[in-house]
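The following exercises are to be worked through with the sequence and the coordinates at hand. Each task is followed by a solution in steps.

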Amino acid sequence: MAEKLRIGIIGSGGIAQGCHMKGYASIPDECEIVATCDVNEATAKAAAEKFNVPTTYTDYKEMIAKEKLDAVSVATPNKFHKDPTVYALLNGVHVLCEKPLGMNADECREMCAAARESGKILQVGLQSRFMGHSTWLKDYIAAGNVGDVYFARAQALRRAGVPGWGVFINKELQGGGPLIDIGVHILDLTLFLMGYPKPVAAFGKTWDTLGKDPTRWNAWGDYDRDKFTVEDFAVGMIKFDNGAVISLESSFMQNAPDVWETQLYGTKAGLQLKPGAENGLKIYSDVNKQLLDISPSNIPNVESAHTAEVQAFVRAIVAGDPSPVPGENGLILNAIFDAIYKSSVTGNEEKVDLTY
Ligand SMILES: NC(=O)c1ccc[n+]([C@@H]2O[C@H](COP(=O)([O-])OP(=O)(O)OC[C@H]3O[C@@H](n4cnc5c(N)ncnc54)[C@H](O)[C@@H]3O)[C@@H](O)[C@H]2O)c1
């Protein structure tokens, strides 16, 4: 049997313990978590104890120097994605980095360049693509059933869902609010299904009134309104070089229902996908002058999209395959967000800059 991959964890908090470490632990014959690292020693130790990991660190450089790692998960707050990712890649270690890849496109450029220079895998933690509906739909669209997708409406909307824990309301540490935090998932899924066309420009607007309002109820617990420095709601219209347009909406707080879905308008059929929802896919078509609505009912799902993402990472490394979710996709997403945030300030449509 081939030797197991040696895995290190950088940032051993919520998503690392809840998803990444579970994913690695699900394939014990293929990989082994040999060390955890967290600037908070107690967190590194708690994560290690939970998964029987022998060694802990508070400095990722020391972990990489001592542990002969094949790969790391980077699951730190957004501001601390770039440095460990670039360091690991340039030291010959494959990286699965949580989303969004960077605080902005410039950071992603550096990360993608490090991956290119080192020849190591840089995978972005965007798990929605690994859900059963997503992989099935990707093939369905690729087979020409939907025609050309010329418009999509992507929505990641929470009515009263401000994450009060961690640093999700801190622009300095996260780079932004719902747009960069959850809009990233629904936009990635939409682009994945559309074959990742090249964005050229975006117009957008963000607001923060409700998120800062101390009189509002929040379903996810109370939080310090004075520390709320991100947007509570963002919208964007993104134009692509193939003529397609995506309308993107994302919120932590708003006076409208929760929505988590994407709708794709194709020349042959339309799609409505609610990722993760039971019977979450509808296909709208027109056959023999009849409107035909299809609800697929037995598309197999994966038990956990996070686990599937981690398994894909490990197996791509072993097989020498390209990244299952390339860093360049993360760059596209951050470049779109940069343009939307800039447009909200200038009031103009802004170019999406993909150069690197
Ligand atoms: N894919 C998803 O669905 C999903 C869900 C939640 C969070 N995330 C992403 O995961 C990342 C972490 O989020 P979380 O909810 O786990 O946050 P968290 O606060 O629970 O965990 C982050 C950990 O990183 C540690 N840390 C900070 N700087 C560090 C450094 N330089 N070196 C080592 N450790 C460091 C912190 O001490 C903390 O324990 C964020 O980028 C977030 O966007 C993704």
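The model is a predicted one, in which local features need pLDDT of at least 70 and side-chain atom pairs count only at pLDDT 80 or more, while totals for chains, interfaces and linings use all residues. Residues are numbered from 1 along each chain as its sequence is written, and side-chain values use heavy atoms, with hydrogens and water left out.

**Exercise 1. Describe how domain 1 and domain 2 are placed and what they bury between them.**

Step 1. Domain 1 comprises 5-127 + 306-326, and domain 2 comprises 132-301; such bounds come from an automatic or database domain assignment.

Step 2. The C-alpha centres of the two domains are 26 Å apart.

Step 3. Contact (heavy atoms within 4.5 Å) involves 11 residues of domain 1 and 11 residues of domain 2.

Step 4. The buried area, that is, the accessible area (1.4 Å probe) that two parts lose on being put together, summed over both, is about 920 Å² for domain 1 and domain 2, with 57% of it on carbon and sulfur atoms. On the side of domain 1, K99, M103 and L126 supply 48% of the area buried against domain 2, more than any other three residues.

**Exercise 2. Determine the strand order of the six-stranded sheet and how its strands pair.**

Step 1. Helices (H or I, at least four residues) and strands (E, at least two) are DSSP runs numbered from the N terminus, and two strands pair if DSSP finds at least two bridges between them.

Step 2. The order is 3-2-1-4-5-6 in an open sheet with parallel pairing. Strand 3 (55-57) and strand 6 (122-125) are the edge strands, each pairing on one side only.

Step 3. Strand 4 (residues 71-74) and strand 5 (residues 94-98) run parallel and are joined by four bridges. In these, A71 stands opposite H94, and V74 has C97 as its bridge partner.

Step 4. Helix 10 (residues 305-319) packs on this sheet and touches strand 1 (5-10), strand 2 (31-37), strand 4, strand 5 and strand 6; its direction makes about 160 degrees with that of strand 5. Axes are lines fitted to C-alpha atoms, for helices over the stretch in contact, and angles run from 0 to 180 degrees between N-to-C directions.

**Exercise 3. Which way do the residues of strand 5 point, and are they buried or exposed?**

Step 1. In a regular strand the side chains alternate between the two faces of the sheet.

Step 2. H94, L96 and E98 point one way, and V95 and C97 point the other way.

Step 3. Five of the five residues of strand 5 are buried, buried being under 20% relative accessible area, exposed over 50% and partly exposed in between (1.4 Å probe, protein chains only).

**Exercise 4. Describe the nine-stranded sheet and the helices that lie across its strands.**

Step 1. This open sheet has the order 14-13-12-11-7-10-9-8-15, and its pairing is mixed. Strand 14 (290-294) and strand 15 (350-351) each have a single partner strand, so one side of each is left without a neighbour in the sheet.

Step 2. Strand 11 (residues 259-266) pairs with strand 12 (residues 269-273) in the antiparallel sense over four bridges, with L264 opposite L271.

Step 3. Helix 6 (residues 132-142) lies across strand 11, strand 12 and strand 13 (281-287), at about 20 degrees to strand 13.

Step 4. Helix 11 (residues 327-346) lies across strand 8 (199-207), strand 9 (233-240), strand 10 (245-251) and strand 15, at about 55 degrees to strand 8. Helix 11 is largely enclosed by the rest of the structure, because 15 of its 20 residues are buried. G347 follows helix 11 and has a positive phi, near 80 degrees.

**Exercise 5. Where are Y196, N288 and P100 found?**

Step 1. Most residues other than glycine have a negative phi, and most peptide bonds are trans.

Step 2. Y196 lies in the loop between helix 8 (178-194) and strand 8. Its phi is positive, about 45 degrees, and Y196 is buried at a relative accessible area of 15%.

Step 3. N288 lies in the loop between strand 13 and strand 14. Phi of N288 is also positive, near 50 degrees, but N288 is exposed at a relative accessible area of 72%.

Step 4. P100 lies in the loop between strand 5 and helix 5 (105-118). The peptide bond from K99 to P100 is cis, with omega near -15 degrees.
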